[in-house]
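Me: Can you take a look at this one with me? I have a few quick questions.

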Amino acid sequence: MGRTKPSLSLIGYAASGGRIPRLLCADLWHLRIVVAILGKGLSEAAFTTVFLYTTELYPTVVRQNGLGYTSFMSRLGVSVAPLILMLEDVWTPLPQIIICSVASVCGLVALLLPETLKERLPETIQDVE
């Protein structure tokens, strides 16, 4: 099956999990909570899949630096995420629109990544080029 399709589907489901609770009426609060928790779980699964996939994309000689950079960018995103929630004062659905849009764009960008199933992993920078 590879890694591209599962990571893409997990990111897509996580983005959907963030949008769907807003579409459900307030009377179905039980269902809203279940869908929100499911979206959170799928986003964690997507992060884990992408983290494992990242180690396969970098050549051996720069894998540690590449993984450090990727980890830095993910921590930067986690640091900025609470600030996005402050946009709720501007327009109530704006934070969810931003977060779901970013997740959807990430899912589409994942389509551009090469498949690593049964492929020889790069060991040098020349292997990548």
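**Salt bridge and pocket**

Reply: Arg 120 forms a salt bridge with Asp 127, with 3.6 Å between the closest N and O atoms. The term covers a side-chain nitrogen of Lys or Arg within 4 Å of a carboxyl oxygen of Asp or Glu. This is a predicted model, where local features need pLDDT of at least 70, side-chain atom pairs count only at pLDDT 80 or more, and totals for chains, interfaces and linings use all residues. Residues are numbered from 1 along each chain as its sequence is written, and side-chain values use heavy atoms, with hydrogens and water left out.

Me: How many salt bridges does a search of the whole structure find?

Reply: The search finds one.

Me: Arg 120, buried or exposed?

Reply: Arg 120 is exposed, at 60% relative accessible area, while Asp 127 is partly exposed, at 36%. Buried is under 20%, exposed over 50%, and partly exposed in between, using a 1.4 Å probe and protein chains only.

Me: OK, pockets. What lines the second largest pocket?

Reply: The lining includes Arg 120 and Asp 127, along with Glu 56, Leu 57 and Pro 114. By class, the lining has five nonpolar, one polar and five charged residues. Ala, Val, Leu, Ile, Met, Phe, Trp, Tyr, Cys and Pro count as nonpolar, Asp, Glu, Lys and Arg as charged, and the others, Gly among them, as polar.

Me: Which helices each supply at least two residues of that lining?

Reply: α2 (29-57) and α5 (125-128) do. Helices are DSSP runs of H or I, at least four residues, numbered from the N terminus.

Me: And the chain as a whole, how many helices and strands?

Reply: The chain has five helices and zero strands. Buried residues make up 21% of its 129 residues.

Notes
On a 1 Å grid over the protein atoms alone, a cavity is a set of points where a 1.4 Å probe fits but cannot get out, and a pocket is an open set with protein on both sides within 12 Å along at least five of seven lines; lining residues have an atom within 4 Å of a point.
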